[in-house]
Amino acid sequence: MTSSNALGFTQILDPDEITDELKQTLVDCWTEVSNAGGAAGFPFPPVDAAEVTAAFDRIIENLAPPTSRLLIALTDDTVAGWLNIRRDPHPPVSHWGTIHHVQTRLGVRGQGIGTALMRRVREVARDEMGLEQLHLAARGGVGLEEFYGRLGWKEIGRWPGALRLAPHGDTHAVGMIFLPI
């Protein structure tokens, strides 16, 4: 990370905390990342703001402190990236959470934002949500296994052809786990 940018984090725990301006900024980030080829929730880029807004609205409506929250990375009070952490409330699996939609703005890539975001989410999961382990699924073959591996995540399996990111362009999903957090 460059020394001139102050890195901070904020959480959104409730749908009422999302201002129109913040929603637009997060939608813009998600659109930018998806259209640059990021596997952040949309299979066939390019995506438009209406498509991303509809998906983001589904995330927002499920925000609740014990089960779903947004973690947003900020550099100098500007959104640099974000992710969604979710816990399934069903008792047999409520001790672990799943990380979704990890993304950083293109203009801040290579500055350690993604690494810092993933380190901070472990603290939030453990200290604030009481989770014991984290799971995520990453697109295989683009270096994400190595990125998460450097941060202590372990690969637990692959699902061949699980992700269809382009017509006739199936790729595998890599299941990863972090424990104990």
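The radius of gyration used here is taken over C-alpha atoms, and the globule rule is 2.2 Å times the number of residues to the power 0.38. For 181 residues that rule puts a compact globule near 16 Å; the chain has 16 Å, so the two agree. This is a predicted model.

**Fold and dimensions**

The chain holds four helices and seven strands. Their order along the sequence is β-α-α-β-β-β-α-β-α-β-β. The C-alpha trace spans about 40 × 40 × 35 Å along its principal axes. Of the contacts with a separation of 6 or more, 61% join residues 24 or more positions apart.

| Property of the chain | Value |
|---|---|
| Buried residues | 41% of 181 residues |
| Positive side chains | 16 |
| Negative side chains | 22 |
| Distance between the centres of the two charge sets | 8 Å |

**Nonpolar cores**

The largest nonpolar core has 26 residues. I85, I99, M118, L134, L136, Y148 and W153 touch the most other members. Elements giving two or more residues to this core are β2 (68-75), β3 (78-87), α3 (113-128), β5 (133-139), α4 (144-150) and β7 (170-178). Helix α3 gives the most, with six residues.

Which residues does I99 contact, leaving aside neighbours within four places in sequence? I99 is in contact with L83, N84, I85, V121, L134, H135, L136 and W153.

Another core, of 21 residues, lies apart from the largest one. Among its members are V47, I59, L70 and V79.

Definitions and conventions:
Residues are numbered from 1 along each chain as its sequence is written. This is a predicted model: local features need pLDDT of at least 70, side-chain atom pairs count only at pLDDT 80 or more; totals for chains, interfaces and linings use all residues. Side-chain values use heavy atoms; hydrogens and water are left out. Buried means under 20% relative accessible area, exposed over 50%, partly exposed in between (1.4 Å probe, protein chains only). Contact means heavy atoms within 4.5 Å. Lys and Arg count as positive and Asp and Glu as negative; His and the chain ends are not counted. The place of a charge is taken as NZ of Lys, CZ of Arg, CG of Asp or CD of Glu. A nonpolar core is a set of buried Ala, Val, Leu, Ile, Met, Phe, Trp, Tyr and Cys residues joined through side-chain atoms within 4.5 Å.
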